Amino acid sequence: MAVGAMGATDEARPEALSFSEIRERYKDRWVAVEVTERDRNSQPVKGRVVENEIDRYTLADKTAKYGEVCIFYAGESSFRLLM
Amino acid sequence: MIPPTAVVERCFSKYPTVFTRLRGRNDTAMEYQALIAPTADYCVLPKVDAFNMGYPEAASVDTRVPAPNTLTFASHNSYGRGTLIKMAQVDVGSISVKDVEFLAFDLLQTVGYDVILGRSLLRHVRLELDFVEGRLRMERVTPSQ
């Protein structure tokens, strides 16, 4: 049985999802993703969600044990932005 | 016109965003979906992430003796304070820039973005934002540092 980079077996690892699937499945949560596929601009398009949290800073604590992950909010602010 | 050495093209629906990879002083790397904000003087990232990337001064909570690189800034409706750090490397696709100034500052989570790419990075690139088509194009016009 193959063993993944994090020491977990492939069976135990979360499935790789497209970023649009991640946004649907983890709507309005902060996610940490192990990127598995990139487009021609090296932008991530597919990955495994290794952690997800409603609170960004709790997520930061949880991701400390991983190597490089991609963090983003799988939703859209309900407020209008003035940035 | 100088031809670009690296290009990133991306579509966006509402706000111009791009995934960016940051490598810190301790060689820790993380990737974020960053909001492109040409009106921000500096790039921004959360304090805890700056700490994890080897910038412990970013987590200083001493309000009496602030870190020497503490920066006071004005936003649309208030003043704020953050610690200015120099990110060892910032990658956006094939574009790579070293020693980019970032402000370690926690944005409101309700914004939905934790990292901002401001002019401390954008001054190194040619940026086109097309809000009609929802497209952005970023070009590096000088060799990677």
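Of the 83 residues of chain A, 24% count as buried, a residue being buried if 20 or more other C-beta atoms, placed from the backbone, lie within 10 Å of its own, exposed if 12 or fewer do, and partly exposed in between. The structure is a predicted model, in which local features need pLDDT of at least 70 and side-chain atom pairs count only at pLDDT 80 or more, while totals for chains, interfaces and linings use all residues. Residues are numbered from 1 along each chain as its sequence is written, and chains are lettered from A, with ligands numbered from 1, in the order in which they are written.

Confidence in chain A is expressed as pLDDT, the predictor's confidence in each residue on a scale from 0 to 100. The chain averages a pLDDT of 87, and 87% of the residues score at least 70. Residues 1-7 of chain A call for some care in reading, as pLDDT stays under 50 there. For this stretch the model has eight contacts beyond four places in sequence, where two residues are in contact if their C-beta atoms, placed from the backbone, lie within 7 Å.

The secondary structure of chain A comes to two helices and four strands, which follow the pattern β-α-β-β-α-β along the sequence. Helices (H or I, at least four residues) and strands (E, at least two) are DSSP runs, numbered from the N terminus. Among contacts in chain A with a separation of 6 or more, 50% are between residues 24 or more positions apart.

Four bridges join β2(A) to β4(A) in an antiparallel arrangement; two strands pair if DSSP finds at least two bridges between them. Within this pairing, A:Ile71 is the bridge partner of A:Ala32. Strand β4(A), residues 70-73, is also joined by two bridges to β3(B), and here the strands run parallel. A:Ile71 takes part again, with B:Tyr32 as its bridge partner in β3(B).

Helix α2 of chain A (residues 56-63) has buried residues at A:Leu59, A:Ala60 and A:Thr63. These residues lie on the same side of α2(A) because they cover an arc of only 105 degrees around the axis, the arc being that of the directions from the helix axis to the C-beta atoms. Their cover includes β2 (30-38), β3 (44-53) and β4 of chain A together with α1 of chain B.

Turning to the interface, 24 residues of chain B are in contact with 22 residues of chain A. On the chain B side, β1 (6-11), β3 (29-36) and α1 (47-52) each supply at least two residues. The largest share, six residues, comes from β3(B). By class, this side of chain B has eleven nonpolar, eight polar and five charged residues. Here Ala, Val, Leu, Ile, Met, Phe, Trp, Tyr, Cys and Pro count as nonpolar, Asp, Glu, Lys and Arg as charged, and the others, Gly among them, as polar.

B:Arg10 is found in strand β1 of chain B. This residue counts as partly exposed because it has 19 C-beta neighbours inside 10 Å. Leaving aside neighbours within four places in sequence, B:Arg10 is in contact with A:Asn41 and A:Gln43 of chain A as well as B:Val18 and B:Leu136 of chain B. B:Arg10 and B:Arg135 are 125 residues apart along the chain, yet their C-alpha atoms are separated by 5.8 Å.

Within chain B, three strands form an open sheet in the order β1-β10-β9, with antiparallel pairing. The edge strands, each pairing on one side only, are β1 and β9 (125-130). Six bridges join β1(B) to strand β10(B), residues 135-140, and B:Ala6 stands opposite B:Arg140 in β10(B).

Strand β7(B), residues 95-104, has pairings in both senses. With β4(B), residues 43-45, the pairing is parallel over three bridges, and B:Cys43 stands opposite B:Phe102. With β6(B), residues 79-92, the pairing is antiparallel over nine bridges, and B:Asp91 stands opposite B:Ser96. Strands β6(B) and β7(B) form a hairpin with two residues between them, and B:Gly93 in the turn has a positive phi of about 60 degrees.
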